[in-house]
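Subject: Structure handover

Hello,

Please find the structure below, followed by notes on what turned up in it. Comments are welcome once you have looked it over.

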Amino acid sequence: MTPSNLYAQRRALVSSQLGTGGIAIIPTALERQRNRDSDFLFRHDSYFYYLTGFTEPNACLVITAEGEAKLFCQPKDAEREVWDGLRLGPAAAPAALGVQAAFASTELASQMPKMLENRSTVWYPFATHKGLETQVDGWLNSVRARVRFGALCPQQQRDVCAILDEMRLVKDAHELTIMRRASQISARAHVRAMQRSATMLRAGQEVREYHLDAELLHEFRQHGSQYPAYGSIVAAGANACVLHYRADAGLIHNGDLVLIDAGCELDGYASDITRTFPANGTFTGPQRLLYDLVLASQDAAVAATRAGARFIEPHEATVKVLAQGLLDVGLLDKNKVGNAQDVIANRSYFQFYMHRTGHWLGMDVHDCGSYVEPSEVGQVSERKDPLSGEIIKDRPSRVLQPGMVLTIEPGLYVRPAPGVPEQFHNIGIRIEDDAVVTATGCELITRDVPVKADEIEALMRA
């Protein structure tokens with residue numbers, strides 16, 4: 001099946017869920033100014049791209065409950081095309097994209113009131129496009145101005161993300177092919193950065209975080225990736241204990257651990273890999289001890305990831321291993337925090353592990369989709385958080401299905417603090433892989449970059 005047929009099928013599925021008289025409006029992203037006379041590199045809106053495969057700015061898709069899709073796109077403009085590149089244009093759009101009709105984007109304001117007239121419900125993405133609600137209000141006011149002539153105005157506004165999030169949550173074969181390829185490119189980039197670090201240190205050269213970031217970017221583009229999927233994290237030494245640290249100018253010392261969290265975007269789909277490695281290619285004893293503990297917790301999470309399991313189960317498996325491990329290595333004192341069950345109940349582990357073990361992955365690196373099981377939303381329980389004292393409402397976690405894609409990324413982050421053994425100070429470790437849920441388990445699509453400590457050391461000696 002060609003991608004154009006896939007987009008048409010997706011639009012048809014949206015159409016079937018709009019209800020009698022429904023109409024959906026899905027715009028692409030806006031162009032954003034970076035500074036004077038210069039824009040940020042344009043990246044399409046994920047919902048819009050999911051339904052069109054169209055990457056030009058200044059576009060909007062309209063879908064009706066009757067199955068008709070109409071596109072607003074930039075008109076042909078010979079002068080602007082000299083500066084900005086060729087445009088598809090409304091005349092060519094129906095044949096190229098499989099929509100039933102196309103208009104110039106300059107006609108949006110005049111055409112939308114006509115399209116909304118006599119409709120029952122207007123669907124659009126809530127809280128994702130600044131100013132869109134105001135535009136919809138203006139179009140509806142134009143419809144209301146014609147009620148004396150018999151025009152009917154939509155009585156309901158609904159969030160089209162509710163439909164699209166569920167569709168995007170389970171990936172089809174076309175999507176998984178792209179995501180596997182993106183993962184392969186990203187894995188090569190991590191390997192390249194690991195080897196560059198060891199090579200430079202062995203040669204006595206100064207190594208900074210941006211040197212390794214440059215290796216990532218080179219490999220991404222060398223193999224056709226359009227962009228990084230997110231701002232790459234290249235963090236050496238104590239910087240690895242900052243969860244969202246950005247690749248910067250930090251000096252990488254012989255004996256440091258380096259944490260790299262980076263992935264490319266390919267044809268609209270993200271990859272997301274984290275590896276932690278010794279800058280010189282050899283783990284110290286304390287580094288190896290904590291690294292093996294994090295890896296054991298990831299192994300437990302991987303084993304818990306399968307169709308029929310709950311999304312929260314990999315996290316719970318991770319925390320169970322880390323809780324016992326933190327006691328075993330002496331980062332937590334059992335005389336103060338109790339046994340592993342107490343560590344979990346009181347969240348004593350939170351000092352060293354303060355994030356969840358994964359998230360959805362797809363067109364966005366933190367992809368859309370509810371983490372609550374839709375059929376059990378009404379089942380609510382309350383508990384008091386032992387650290388904050390906040391009352392938290394829990395709902396049943398999502399049941400995993402084949403084709404869902406999530407990350408599995410446990411970590412440990414040891415900042416200097418009273419009672420924390422000095423040998424572990426400033427060690428930050430995270431290990432992250434991308435997993436496709438299958439009927440019997442999960443497929444890790446990012447393991448082209450080593451994860452076992454011995455394999456990492458062997459790679460960096462090469």
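Ala189 sits in helix H8; helices here are DSSP runs of H or I with at least four residues, strands are DSSP runs of E with at least two, and both are numbered from the N terminus. This is a predicted model, in which local features need pLDDT of at least 70 and side-chain atom pairs count only at pLDDT 80 or more, while totals for chains, interfaces and linings use all residues. Residues are numbered from 1 along each chain as its sequence is written, and side-chain values use heavy atoms, with hydrogens and water left out.

Ala189 is buried because its relative accessibility is 0% (buried means under 20% relative accessible area, exposed over 50%, partly exposed in between, with a 1.4 Å probe and protein chains only). Apart from neighbours within four places in sequence, Ala189 is in contact with Leu216, Glu219 and Phe220 (contact means heavy atoms within 4.5 Å). The C-alpha atoms of Ala189 and Phe220 are 6.7 Å apart, although 31 residues separate the two in sequence.

Glu219 also forms a salt bridge with Arg192, with 3.1 Å between the closest N and O atoms (a salt bridge is a side-chain nitrogen of Lys or Arg within 4 Å of a carboxyl oxygen of Asp or Glu). This pair links distant parts of the chain, Arg192 being in helix H8 and Glu219 in helix H9 (residues 209–222), 27 residues apart. Glu219 is buried at 9% relative accessible area, whereas Arg192 is partly exposed at 30%.

Four bridges pair S10 with S11 (residues 257–262), and Val234 stands opposite Ile260 in S11.

Salt bridges

How many salt bridges does a search of the whole structure find? The count is 28. Arg168, Lys171, Asp364 and Asp367 are linked in a network. Asp364 is in the loop between helix H13 (340–346) and S15, and Arg168 is in helix H7 (residues 161–169), 196 residues apart. Arg168 is buried at 1% relative accessibility, while Asp364 is partly exposed at 26%.

Lys171 and Asp367 form a salt bridge with their closest N and O atoms 3.0 Å apart. Lys171 lies in the loop between H7 and H8 and Asp367 in the loop between H13 and S15, so this pair ties together parts that are 196 residues apart in sequence. Lys171 is buried at 6%, and Asp367 is buried at 5%.

Strand S5 and its partners

Strand S5 (residues 69–73) is largely enclosed by the rest of the structure, because five of its five residues are buried. Ala69, Leu71 and Cys73 point one way from S5, and Lys70 and Phe72 the other way. S5 is joined to S4 (residues 60–64) by four bridges, and the two run antiparallel; Val62 has Lys70 as its bridge partner in S5. Four residues lie between the strands of this hairpin, where Gly67 takes a positive phi near 95°.

Cysteines

There are zero disulfides, where a disulfide is a pair of cysteine sulfur atoms within 2.5 Å. The sulfur of Cys60 is 11 Å from the closest cysteine sulfur, in Cys73, which is too far for a bond. For Cys161 the closest cysteine sulfur is in Cys368 at 7.8 Å, again too far for a bond. Cys60 is buried at 5% relative accessible area, and Cys161 is buried at 6%.

Regards

Note on methods: Pairing = 2+ DSSP bridges.
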